[in-house]
Amino acid sequence: MIYETIDEAAGALPQFAAIAGLDLGTKTIGVAVSDRMMSVATPLETVKRKKFTLDAEAVLKILKDRDIGVVVLGLPRNMDGSEGPRCQSTRAFARNFDRLWDGIITFWDERLSTVAAERALLEADTSRKRRSEVIDHVAASYILQGALDRMAHIRREHQE
């Protein structure tokens, strides 16, 4: 099931389910996962893209192995908030992936997530070679952490 926003998906989220964040690039898919309390995002791995069926197979294996119930896809909006070809590609991935997987799929505005990940890696004095190896799944963790923080805020609002 695809939900446009975290706010829409919040009511359908399974309790104590791990969540995956995906940063869909043209050459790679960065993957991050949360803990079962849905509080902390951890960079996991980067999947080299080949074609959709192989990409989906690799992601599905991660979801199954980690008992993931929700996927948050980074939606690469333009800086003015509009959607271009990369957003269309992400939405197409979501539609196709939804046919293969029974879990929840939602989107998170990923503007500047890669910039933030790059900055964090530079601050950690990570070598250029190592940065290129990990940037995508670190960016996925920024996407996922933003979504987790929003979900925590929604849960707090409902408790009041």
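Helices, of at least four residues, and strands, of at least two, are taken here as DSSP runs numbered from the N terminus. With those terms, Gln15 lies in the loop that joins helix H1 (6–9) to strand S2 (18–24), in a model that is predicted.

Gln15 has a relative accessible area of 66% and is therefore exposed, the cut-off for that class being over 50%. The C-alpha atom of Gln15 is separated by 8.3 Å from that of Arg36, a residue 21 positions away along the chain.

Strand S2, by contrast with the exposed Gln15, is mostly covered, since seven of its seven residues are buried. In a regular strand the side chains alternate between the two faces of the sheet.

| Partner of S2 | Sense | Bridges | Bridge pair |
|---|---|---|---|
| S3 (residues 28–34) | antiparallel | five bridges | Leu22 and Val31 |

S2 and S3 also form a hairpin, with three residues between the two strands.

For the chain as a whole, the secondary structure comprises five helices and six strands, which follow one another along the sequence in the pattern β-α-β-β-β-α-β-α-β-α-α. Of the 160 residues, 46% are buried, and the accessible surface comes to about 8900 Å², with 52% of that area belonging to carbon and sulfur atoms. Among contacts with a separation of 6 or more, 65% are between residues 24 or more positions apart.

Conventions:
Residues are numbered from 1 along each chain as its sequence is written. This is a predicted model: local features need pLDDT of at least 70, side-chain atom pairs count only at pLDDT 80 or more; totals for chains, interfaces and linings use all residues. Side-chain values use heavy atoms; hydrogens and water are left out. Buried means under 20% relative accessible area, exposed over 50%, partly exposed in between (1.4 Å probe, protein chains only). Contact means heavy atoms within 4.5 Å. Accessible areas come from the Shrake-Rupley method with a 1.4 Å probe; for residues, only the protein chains shown count as cover. Two strands pair if DSSP finds at least two bridges between them.
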